[in-house]
Structures are given as structure tokens and as C-alpha cells.
Amino acid sequence: MKHRTLGAHGLRVSEIGLGCMGMSEFYGPSSEDESIATIHRALELGIDFLDTADIYGPFKNEKLVGRAIRDRRDRVVLATKFGNVRNAQGQSLGIRGDPDYVRQACDASLERLGVDHIDLYYQHRVDTKVPIEETVGAMAELVRAGKVRHLGLSEAAPETIRRAHATHPITALQTEYSLWTRDVEENGVLSTVRELGIGFVAYSPLGRGFLTGRFKTFEDLPADDFRRRNPRFQGENFDHNLELVREVEQMAQEKGVTPGQLALAWVLARGNDIVPIPGTKHVAYLEENVAVTAVKLSEADLGPLDAVIPVGAASGTRYTDMSLVHR
């Protein structure tokens, strides 16, 4: 497993990470035992970058990750997030970035994870009611206190990123990025982080699983899967996007890889400052994802992919409410 560097302050992580969200919520039923086995297998295969958040579960995912790494903390670069507020019943209570909440959320995450520091602490969504300087200022206090090593933002707009970075160095920006989600190439986000020397962490690099080709009909989604409410998985949008996946499938077959591997290899090829964090709760899918590190795409491979799935090719917005991203 090769490594990549996030940010100018040199946070070294495996070139792909592991998104742990689906182990506790959102993507249908899960097994805690298999989820922990997946984390352990990831570490065996050289993945050291684990991604969680306080709201996943809610709260359950941090506890699960904490149990999984309890006897191997020194092998993990641990990332978690705050800012999306939910109660224990899962009800959304909005977004908070006020300094008191920043401190409270960090202490709660440290306790659930069972660790004395967080390697990369993100603001999950920007709170427009609080100046970003106040939020990041409170996050910087956590760095000085030794509770956090590096700071990150998620789904922030270019001007917000600049103001945050001027307050305290931002190591990484986490935003959705994949073959069918390329808006950061057009809205200035990717160029801004590169100008400032901030790493880019790509979540949902497999298009929430759609780009793997596993979903042929809407009914293939589990009944309690949150993707059933995602515009890209509904009606005519689903049908249109399935045609895009068929293009990927054909190209993957010619390359001798799976569609998911081709999609993930595309993200890896976008730059050494980009680290994708595909999520899974199954060892088999994890191993398929890790095998992509041996797949190399040339310009001759990338050109046709960009041609069949250009920026804006996907049908439907990536969230029902897009007002909470790029703020």
C-alpha cells in the first residue's frame, strides 16, 4: 500500500482509506462482527486511514471504530467529524459550529472512540450562523490542547475554505467526488485547495455504490436504505444513470477489472493530493477496493472515461437538499 500526503503539514495516509459510515447506518442491515473484521482486514492490507463521524448511528459508529482499533491505535490515522447534530433517536437537530459545541463534540467523540487524540477532525457541515473564523478558532484550541492533530472541513465553498485556512492551517477538505460527481472541478473547490496546499479526501468515490454496477433496478436497494430517498436513485434519473454505468462496465471489461475498480482508479488518477475513502462493511468488497492500487490508468484510459461521463453527466442532484453543501 502506497501513501499520500494530505496538506502542507504532512499528514501521511494510505492512498485509499476506509469509510466506516455504512457499518452502523444508512446502507441497510449490517453485522458488527463483520464490520470489525473489515476494519481489521483493512489494517492488514495496509489501509491506515479510517473515517467516521459522531452522527453515524447516531454515535454508534465511533464506538464501533473505537472497539475495532483499541489494541492497534498506533496503526491508525483516525478521522471523525462534528457539526451535524442528531439526538440519540436519530432526529436531526440542525448544524452547529459555535465554539462551545465544538469543544463539547470533541470531548464526546474522544470518549466514544476511547482515544486521547483525533488525527484529523473535520467540521462536517458549515454553520452559516457562526463565522467560520470562530468555529476554526475553537478547533485550533483543540490542537493546542493536544486533543486533535489536524483540522479539516467537509463540503465547504472556496471562500469559506480560504477564511478557515487563514485562521488555522486546514489539512484536508472532504467532499463527494467520483465519476458522476465532478462539481468540485467547476465550482473552484478543487483549484482552491490545491492553491492553498490542502489535501482532498473524496467520499463516495463509487457513487454510493451505483458505479459498481450492483444496482440494476430500484428494488435492488434494501428497504431501509437511505439511497431510496436520493434523487439519483429514483425514477428516470435511475434509468439515465444506469446507462452511464453500462458504459463504465463495458470499459472495465476491456480493462480486465470490475466497474467499481475502474471508477476508483479514476479518482486515484486525478492527483496524488486526492485520497478516496470508499466505504464498505464487507471484507470481500474491501479486498476488491484494495486491489485497485495495482490498476494504473493511462491518458488513453482516462480520455474515454471523461468522454462518456463528463462533468454534469449524472441525472439528479446528489442530495435532496443541496443547500447544506458548498457553503
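**Charge, fold and one arginine**

Reply: This is a predicted model. In the protein chain, the mean position of the 39 positive charges and that of the 46 negative charges lie 3 Å apart.

Me: What about the secondary structure, how many helices and strands are there?

Reply: The protein chain has 10 helices and 12 strands. Its radius of gyration is 19 Å, close to the 20 Å that the globule rule gives for 327 residues, so the chain is as compact as a globular protein of that length.

Me: And what box do the C-alpha atoms fill?

Reply: Along the principal axes, the C-alpha atoms of the protein chain fill a box of roughly 55 × 40 × 40 Å.

Me: How much of the chain is buried?

Reply: Of the 327 residues in the protein chain, 58% are buried. The accessible surface comes to about 13100 Å², and carbon and sulfur atoms account for 49% of that surface.

Me: Turning to contacts, what share join residues at least 24 apart?

Reply: The share is 75%, taken among contacts in the protein chain between residues at least 6 apart in sequence.

Me: Now a single residue. Where is Arg-112 found?

Reply: Arg-112 is in helix α3, which covers residues 99-113.

Me: Does it count as buried or exposed, and why?

Reply: Arg-112 counts as buried because its relative accessibility is 18%, and the cut-off for buried is under 20%.

Me: Which residues is Arg-112 in contact with, leaving aside neighbours within four places in sequence?

Reply: With those neighbours set aside, Arg-112 contacts Asp-54, Phe-59, Glu-62 and Lys-63.

Note on methods:
Residues are numbered from 1 along each chain as its sequence is written. This is a predicted model: local features need pLDDT of at least 70, side-chain atom pairs count only at pLDDT 80 or more; totals for chains, interfaces and linings use all residues. Side-chain values use heavy atoms; hydrogens and water are left out. Helices (H or I, at least four residues) and strands (E, at least two) are DSSP runs, numbered from the N terminus. The radius of gyration is taken over C-alpha atoms; the globule rule is 2.2 Å times the number of residues to the power 0.38. Buried means under 20% relative accessible area, exposed over 50%, partly exposed in between (1.4 Å probe, protein chains only). Contact means heavy atoms within 4.5 Å. Accessible areas come from the Shrake-Rupley method with a 1.4 Å probe; for residues, only the protein chains shown count as cover. Lys and Arg count as positive and Asp and Glu as negative; His and the chain ends are not counted. The place of a charge is taken as NZ of Lys, CZ of Arg, CG of Asp or CD of Glu.
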